[in-house]
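Here's a quick tour of the structure below. Have a look at it first, then read on for the loops, the surface and the overall build.

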Amino acid sequence: MAPDYDEKEIALLWEQYGQTREREVRDRLIEYYLPMVNVIAGRLAISLPAHIEKDDLISSGFFGLLDAVDRFDVSLGNKFETYAGTRIRGSMLDYLRSRDWVPISLRTRIKEYERVVARLEGTLGRVPTDEETAKELGITIDELHRIEMEMNSATVVPLEDYLRQETECSASDPTEGLERKELKRCLAKAIDKLSDRERLVISLYYYEELTLKEIGMILHLTEARICQIHSKAIIRLRGFLASMDIDSM
């Protein structure tokens, strides 16, 4: 259980650490903020395949917390929880990326899905229906929904990366303000192209930090259906962001 410090005690610990850099003070800060690692790992693990161990996410997230405590500058007036959350999540994403856990066969299906959806949107001038997408892919509706479910876990990391970039720019170096504004503009423009329901799911999941099950309860839809909406939204966002050359920023 984390120590029950009040705000004044935490502020004093930060002041002490800033002045002395004593390991004992650092360890007390880490112990206090450690529950953040468990919460972030739990939320991320929900959307990942069963073979990805939550304990491994927690271990990688711990190093993100350690890095955040060492790097945080209280004098800037930023909120530590925001800064640390970015570092913790970033460490977990780096771990997932190093595992290369998405099968090649799934990567291939995702790329084909992206190409087909982009081509249909360009031809139709609107979001294609499931029937139109399935027909273009040469599969049944059930097969399409199964693919979208498989894609859900593989599409979590890409958007988390974009959101991580946005937060890091705002939390670390004020001189990167222009880059942050451009990134936010690109994200906003891409999200505006989604359907109302897709925008709501993205907002509730990534900004309000609700689980897919909780979102399903709010929208009166099954968790499986929310997974499908999430997957389709992320595939479309990736296409929009790629077309804006956001990765070259």
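## Two loop residues with positive phi

Arg21 sits in the loop between helix H1 (7-20) and helix H2 (23-45); helices here are DSSP runs of H or I with at least four residues, strands are runs of E with at least two, and both are numbered from the N terminus. Its phi is near 55°, a positive value in a residue other than glycine. Arg21 is partly exposed at 42% relative accessibility (buried is under 20% relative accessible area, exposed over 50%, partly exposed in between, with a 1.4 Å probe and protein chains only).

His220 also has a positive phi, about 60°, without being a glycine. You'll find His220 in the loop between helix H11 (212-219) and helix H12 (223-243), and it is exposed, with a relative accessible area of 72%.

## About the model

Keep in mind that this is a predicted model: local features need pLDDT of at least 70, side-chain atom pairs count only at pLDDT 80 or more, and totals for chains, interfaces and linings use all residues. Residues are numbered from 1 along each chain as its sequence is written, and side-chain values use heavy atoms, leaving out hydrogens and water.

## The overall build

The protein chain has twelve helices and zero strands. Of its 249 residues, 43% count as buried. Take the contacts (heavy atoms within 4.5 Å) with a separation of 6 or more: residues 24 or more positions apart account for 67% of them.

## On the surface

Phe63, found in helix H3 (residues 54-71), is exposed, with a relative accessible area of 56%.
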